Amino acid sequence: MEKDSPRIQVNLHGKVACVTGAGRGIGRAIALTLGRAGAAVACVDVNGQAAESVAEEIRALGKAQAVGFACDVTNSEQVTQTVEAIVEKLGGLHILVNNAGITRDGLLLRMKDDQWDSVINVNLRGTFLFTRSAARYLIRAGGARIINIASISGLMGNPGQANYSASKAGVIGFTRTVAKELASRQVTVNAVAPGFIATEMAQALGEQVLEEIKKRTPLGRLGDPQDVADVVLFLASEAASFITGTVIRVDGGLAE
Ligand code: NDP
């Protein structure tokens, strides 16, 4: 298998996908995977250069159009403008992947207001803002998809992550409600809850903690960004058209 390639065959030609936080890590893998499947991809990131460089990687594959957009998902005005620019440049919107996320870990007793606010803002408010702006275009698309990247922290909690686990539990509740609101419009809304995935976010935990996590994970390894991207690809596909309001764990068995 070619490195960073999807392991399932899905044809997304004619679809337009938007991935937030696409500049690196899991978002980059998702953007490349959707692009390899033939979707035109809007790569959105607060770091516009990183977004554009992933878009360039997708264009170089020669299968799909891709454009990079600089956008802070917490900024309502920027989000509205970005969604409109995506629709104008790429001709619509069929698949929205809310992936942008941050951690600012710390134990509850020492957690600063700013640690709480910034994590809730990016992870939860950002998901809300992008979904609200994109919804009307997704409804028009017919059979559209919203896929939110949550975390097993939002399902089982994790010491040092009161802010992060609250934001991701919020994303899961948001997913379930929006799934019910948009079901009659044939828009499916699902969440993916990764365990520990080898990206810069996980590396911040340090080698020792990561070794412990591997030992606690029944499948005995960290996840790869492609492990998450392949599940997103499945949820984006026709094969997942009767799945909505659900959370799929991609965690090597850690959360059970
Ligand atoms: P990374 O930190 O590697 O990448 C996150 C990306 O999001 C970066 O490109 C970052 O830009 C961008 N970003 C951050 N803030 C904003 C913002 N306000 N607006 C737009 N873009 C922003 O994270 P991962 O790839 O590891 O994580 C991706 C998602 O997966 C997150 O939602 C995370 O919570 C979730 N997840 C990750 C796990 C893991 O173990 N890695 C486990 C479970 C869930 P910049 O580089 O400029 O900051």
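Trainee: Is Arg145 buried or exposed, and what is its nearest side chain of opposite charge?
Mentor: Arg145 is buried (under 20% relative accessible area, with exposed being over 50% and partly exposed in between, using a 1.4 Å probe and protein chains only). Arg145 has no salt bridge, and the nearest side chain of opposite charge is Glu238, 4.4 Å away. A salt bridge here is a side-chain nitrogen of Lys or Arg within 4 Å of a carboxyl oxygen of Asp or Glu. For charge, Lys and Arg count as positive and Asp and Glu as negative, while His and the chain ends are not counted.

Trainee: What kind of model is this, and how are residues numbered?
Mentor: This is a predicted model, where local features need pLDDT of at least 70, side-chain atom pairs count only at pLDDT 80 or more, and totals for chains, interfaces and linings use all residues. Residues are numbered from 1 along each chain as its sequence is written, and side-chain values use heavy atoms, with hydrogens and water left out.

Trainee: OK, back to Arg145. Which backbone oxygen lies 2.8 Å from a polar atom of its side chain?
Mentor: That of Ser237. Arg145 itself sits in strand S5, residues 145–149. Strands are DSSP runs of E, at least two residues, and helices are runs of H or I, at least four, numbered from the N terminus.

Trainee: What else does Arg145 touch?
Mentor: Leaving out residues up to four places away in sequence, its contacts include His94, Leu138, Val187, Leu235, Ser237 and Glu238. Contact means heavy atoms within 4.5 Å.

Trainee: Which atoms lie 2.6 Å and 2.5 Å from ligand oxygens?
Mentor: A polar side-chain atom of Asp45 lies 2.6 Å from a ligand oxygen, and a side-chain N or O atom of Thr199 is 2.5 Å from an oxygen of the ligand. The protein covers 90% of the 890 Å² of accessible area that the ligand has on its own. Accessible areas come from the Shrake-Rupley method with a 1.4 Å probe, and for residues only the protein chains shown count as cover.

Trainee: Now the charged pairs. How many salt bridges does the structure hold?
Mentor: Ten. In one of them, Asp227 meets Arg7 at 3.0 Å, N to O. That pair links distant parts of the chain, 220 residues apart: Asp227 is in helix H9 (residues 225–236), and Arg7 is in the segment before strand S1 (16–20).

Trainee: Where do those two stand on burial, buried or partly exposed?
Mentor: Asp227 counts as buried at 14% relative accessibility, whereas Arg7 is partly exposed at 46%.

Trainee: Which residue does Arg59 pair with?
Mentor: Glu56, with the closest N and O atoms 2.8 Å apart. They lie three residues apart in helix H2 (residues 48–61), about one turn.

Trainee: Last one: where is Thr175, and what is its side chain's polar partner?
Mentor: Thr175 is in helix H6, residues 162–182, and is buried at 1% relative accessible area. Its side chain makes a polar contact with the side chain of Asn148 at 3.0 Å. A polar contact is a pair of N or O atoms within 3.5 Å; within protein, one must be able to donate a hydrogen and the other to accept it, and residues adjacent in sequence count only if both atoms are side-chain atoms.
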